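Keep the sequence and the 3D view open as you read.

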Amino acid sequence: MFKAILLAALAPVVLGATFVVQLGLNNGLTFTPNTLVADIGDVITFIDVSRNHTSTTTNFDGAVCPPPDGGVGPNGWDSGFLSDLDGSLPSFNYTVVDTLPHFASCKQAAGAHCVAGMVFALNPTAEQTFEQFQTNAETNPIVTK
Ligand SMILES: *[C@@H]1O[C@H](CO)[C@@H](O)[C@H](O)[C@H]1NC(C)=O
Ligand SMILES: *[C@@H]1O[C@H](CO)[C@@H](O)[C@H](O)[C@H]1NC(C)=O
Ligand SMILES: [Cu+2]
């Protein structure tokens with residue numbers, strides 16, 4: 001009885017898909033792929049393959065760059081700095097908890113990577129597209145404290 005309930009509770013997690021998103025492929029200021037459509041329970045592995053980057057949720061518009069420490073929520077994320085300067089290919093796993101759009105960028109260089117267009121969209125919509133988010137980042141006036 002207990003075992004059956006436990007298995008039923010675990011089943012959705014086990015069935016979730018896994019996606020890999022590379023940060024800095026070919027030494028670029030990029031997320032590859034830069035857009036994903038994922039379901040609740042899916043896992044996204046962000047893996048840094050060059051330099052020193054983060055995957056951090058931010059605002060779709062307004063204050064886009066740099067993404068704030070901890071990321072913009074609810075259900076946002078912040079990988080913290082993932083440095084591949086030592087060739088260690090560090091990763092960060094995010095389990096999808098809703099199907100709302102989430103927009104992420106990189107915190108490195110006080111927003112410079114963000115303004116350079118290093119951005120990522122999870123479940124973008126017809127109103128909030130990847131392209132518009134990237135434009136918002138690239139034209140973002142960084143407000144320094
Ligand atoms: C990665 O970048 C952050 C922010 O610039 C810095 O604090 C950290 O020391 C860097 N990591 C390495 C290993 O250089
Ligand atoms: C993320 O998940 C992958 C695949 O299961 C694993 O190889 C990797 O070590 C995980 N990363 C962290 C930081 O837990
Ligand atoms: Cu970066």
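## A buried cysteine and its disulfide

Cys114 counts as buried, at 0% relative accessibility. Buried means under 20% relative accessible area, exposed means over 50%, and partly exposed lies in between (1.4 Å probe, protein chains only). Accessible areas come from the Shrake-Rupley method with a 1.4 Å probe, and for residues only the protein chains shown count as cover.

Which cysteine is the disulfide partner of Cys114? It is Cys65, and the two sulfur atoms are 2.0 Å apart. A disulfide is called here when two cysteine sulfur atoms lie within 2.5 Å. A search of the whole structure finds one disulfide. Cys65 lies in the loop between strand E6 (56–58) and strand E7 (82–83), and Cys114 lies in helix H2, so the pair ties together parts 49 residues apart in sequence. The torsion about the S-S bond of Cys65 and Cys114 is about -70°, so this disulfide is left-handed. Cys65 is buried too, with a relative accessible area of 5%. In general, a disulfide is a covalent bond between the sulfur atoms of two cysteines.

## How to read the model

This is a predicted model, in which local features need pLDDT of at least 70 and side-chain atom pairs count only at pLDDT 80 or more, while totals for chains, interfaces and linings use all residues. Residues are numbered from 1 along each chain as its sequence is written, chains are lettered from A and ligands numbered from 1 in the order in which they are written, and side-chain values use heavy atoms, with hydrogens and water left out.

## The overall fold

The protein has three helices and ten strands. Helices (H or I, at least four residues) and strands (E, at least two) are DSSP runs, numbered from the N terminus. Along the sequence, the pattern reads α-β-β-β-β-β-β-β-β-β-α-β-α. Of the 145 residues in the protein, 39% are buried.

## A sheet of four strands

Four strands form an open sheet in the order E2-E1-E4-E8, with mixed pairing. Two strands pair if DSSP finds at least two bridges between them. Strand E2 (31–32) and E8 stand at the edges with a single partner strand each, so one side of each has no neighbour in the sheet.

Now look at strand E4 (residues 43–48). Five of its six residues are buried, so E4 is largely enclosed by the rest of the structure. Strand E1 (residues 18–23) runs parallel to E4, and six bridges join them. Gln22 stands opposite Ile47 in E4. With strand E8 (residues 91–95), E4 pairs in the antiparallel sense over five bridges. Val43 stands opposite Thr95 in E8, and Thr45 has Asn93 as its bridge partner there.

His113 is buried, with a value of 10%.

Asn52, Phe81, Ser83, Leu85 and Gln108 surround ligand 1. A residue is near a molecule or strand if one of its heavy atoms lies within 4 Å of it. An oxygen atom of ligand 1 is 2.4 Å from an N or O atom in the side chain of Asn52. For the side chain of Gln108, an oxygen atom of ligand 1 lies 2.7 Å from an N or O atom. Taken alone, ligand 1 exposes 360 Å², and the protein buries 41% of that.

Around ligand 2 are Thr45, Ser91 and Asn93. A nitrogen atom of ligand 2 is 2.9 Å from an N or O atom in the side chain of Ser91. An oxygen atom of ligand 2 is 2.4 Å from an N or O atom in the side chain of Asn93. Taken alone, ligand 2 exposes 360 Å², of which the protein buries 30%.

Definitions and conventions. Polar contact = N/O pair within 3.5 Å; in protein donor to acceptor, adjacent residues only side chain to side chain.
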